[in-house]
Amino acid sequence: MINLEVPRKLTTLVDQARQAAVAFLRPNSRKYDQAEHTYPKELDTLAALLDGLSESGGGAGAGGVRRAKAKRDGVVNGANLRLALGTMEMCWGDAGLLLSMPRQGLGNAAIASVADESQMARYKGKWAAMAITEPDTGSDSGAIRTTAVRDGDHYVLNGEKIFVTSGERADCVVVWATLDRTKGKAAIKSFVVDRDTPGFELVRLEHKLGIRASDTAHFRLDNVRVPAENLLGDPEISQGFAGVMQTFDNTRPLVAAMAVGIARAALEETRRLLTEAGIQIDYDHPPNTQPAAAAAFIEMEATYEAMYLLTLQAAWMADNGQPNSLQASYAKAKAGRGATEITLRCVELCGSVGYAEHELLEKWSRDAKIMDIFEGTQQIQQLIIARRLLGKTSAQLK
Ligand SMILES: Cc1cc2nc3c(=O)[nH]c(=O)nc-3n(C[C@H](O)[C@H](O)[C@H](O)COP(=O)(O)OP(=O)(O)OC[C@H]3O[C@@H](n4cnc5c(N)ncnc54)[C@H](O)[C@@H]3O)c2cc1C
């Protein structure tokens, strides 16, 4: 029998994450949507709490994401599933604030995914952002232009990075750079760059449609000297692009989980408003026999379930050492688009109440859109899925 309930050992974590979302995130949601670029100081207490949980092995922190090395007997509900479930709850509270949580950046997930044990120890307790995107390349991450040139026991980095989530607030940034542009994707490596390294200049912060609590930074790298041991993964060019790309297998399910959390928040609020308006949602009768709003709600819930289950599947596979690139893209594509559609439909169903600022529905519809853009857009996920299903390489299907 398939049991789709949350495993019992994870229910405490889900409860704790929900409590944190109720106590810290939801009450500050509107405040930091309006006060863009202001550091949400309320998060310090919560971050300390998360650190404590991570220390005890029960936390949902991004640093906890670690790819299972080998297949084991039986099944494992590990760090990836834990983090996905915690992320859903926290984003029910506020996605922008979750992205602003100290020491829980996407860079932390990247470090946890590919760092060796000594690097893991070195970056313990650090807040790491992730910098792939450049002015001339976003989706085509294999075409980045930032260079890294070996100079003794250092690499010297030059280039420009844009749209770096938590870039201003983090302690360090995981920067993608190429060792040799003539060697293509295989030469791309990731480097941990401390924020205070000379030449690593913050150019500006972006103003955005949604997730305004989260800072989004633009950097210039001008002869930034990085110790050679800050290179994550294998320094050999022959080891290819797979090392850096592996990060996405762990982070895409997390972005999907964020989308699930926002969609759930919108659905719960819409159900409340519909009920107040006297519209009953009846699961015992077909949707086409019910008021249009109830039928639309049931349809959205079906999409929500698919988003949720695909996300859990992708995270669970990572915990169990199973290749999950396809499932990570399924989850990201379904949840990114689903959350965008659901939140906008909720605004529509609730009319002026949905559109006005005294409810959070309008905000969730703005916050949801990024889930279908960063960590690979909708179109890029579909491209990856098509390549995998058709057995095509990236050169054959662009
Ligand atoms: C708020 C925010 C936070 C971000 N945070 C980070 C971060 O922390 N680190 C980071 O590195 N980046 C970050 N990004 C950047 C994000 O990952 C990129 O915006 C995204 O990858 C898309 O790249 P692009 O914006 O250059 O769009 P483009 O790649 O120029 O794409 C434009 C459009 O063309 C489509 N498209 C592109 N190629 C194809 C193709 N082959 N087939 C079909 N359609 C295609 C895309 O899907 C998109 O719709 C962030 C962006 C935002 C807005």
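This is a predicted model: local features need pLDDT of at least 70, side-chain atom pairs count only at pLDDT 80 or more; totals for chains, interfaces and linings use all residues.
Reader: Hi! Where does the ligand sit in this one?
Author: Hello! The ligand sits in the largest pocket.

Reader: Nice. How many residues surround the ligand, and which are the closest?
Author: The ligand is surrounded by 20 residues, and the closest are T133, S139, F163, T377 and Q379.

Reader: What does T133 do at the ligand?
Author: T133 places a polar side-chain atom 2.7 Å from a nitrogen atom of the ligand.

Reader: And what about S139 and the ligand?
Author: The side chain of S139 has an N or O atom 2.6 Å from an oxygen atom of the ligand. With G138, a backbone N or O atom is 3.4 Å from an oxygen atom of the ligand.

Reader: How much of the ligand does the protein bury?
Author: The protein buries 65% of the 970 Å² that the ligand exposes when taken alone.

Reader: Let's switch to β3, then. Which strand do bridges join to β3?
Author: That's β7 (residues 216–227), joined to β3 by 9 bridges, and the two run antiparallel.

Reader: How many bridges pair β6 with β7?
Author: β6 (residues 200–205) and β7 pair over 5 bridges, in the antiparallel sense. There, F200 stands opposite L221 in β7.

Note on methods: Residues are numbered from 1 along each chain as its sequence is written. Side-chain values use heavy atoms; hydrogens and water are left out. A residue is near a molecule or strand if one of its heavy atoms lies within 4 Å of it. A polar contact is a pair of N or O atoms within 3.5 Å; within protein, one must be able to donate a hydrogen and the other to accept it, and residues adjacent in sequence count only if both atoms are side-chain atoms. Accessible areas come from the Shrake-Rupley method with a 1.4 Å probe; for residues, only the protein chains shown count as cover. On a 1 Å grid over the protein atoms alone, a cavity is a set of points where a 1.4 Å probe fits but cannot get out, and a pocket is an open set with protein on both sides within 12 Å along at least five of seven lines; lining residues have an atom within 4 Å of a point. A molecule sits in a cavity or pocket if more than half of its atoms lie within 2 Å of its grid points. Two strands pair if DSSP finds at least two bridges between them. Helices (H or I, at least four residues) and strands (E, at least two) are DSSP runs, numbered from the N terminus.
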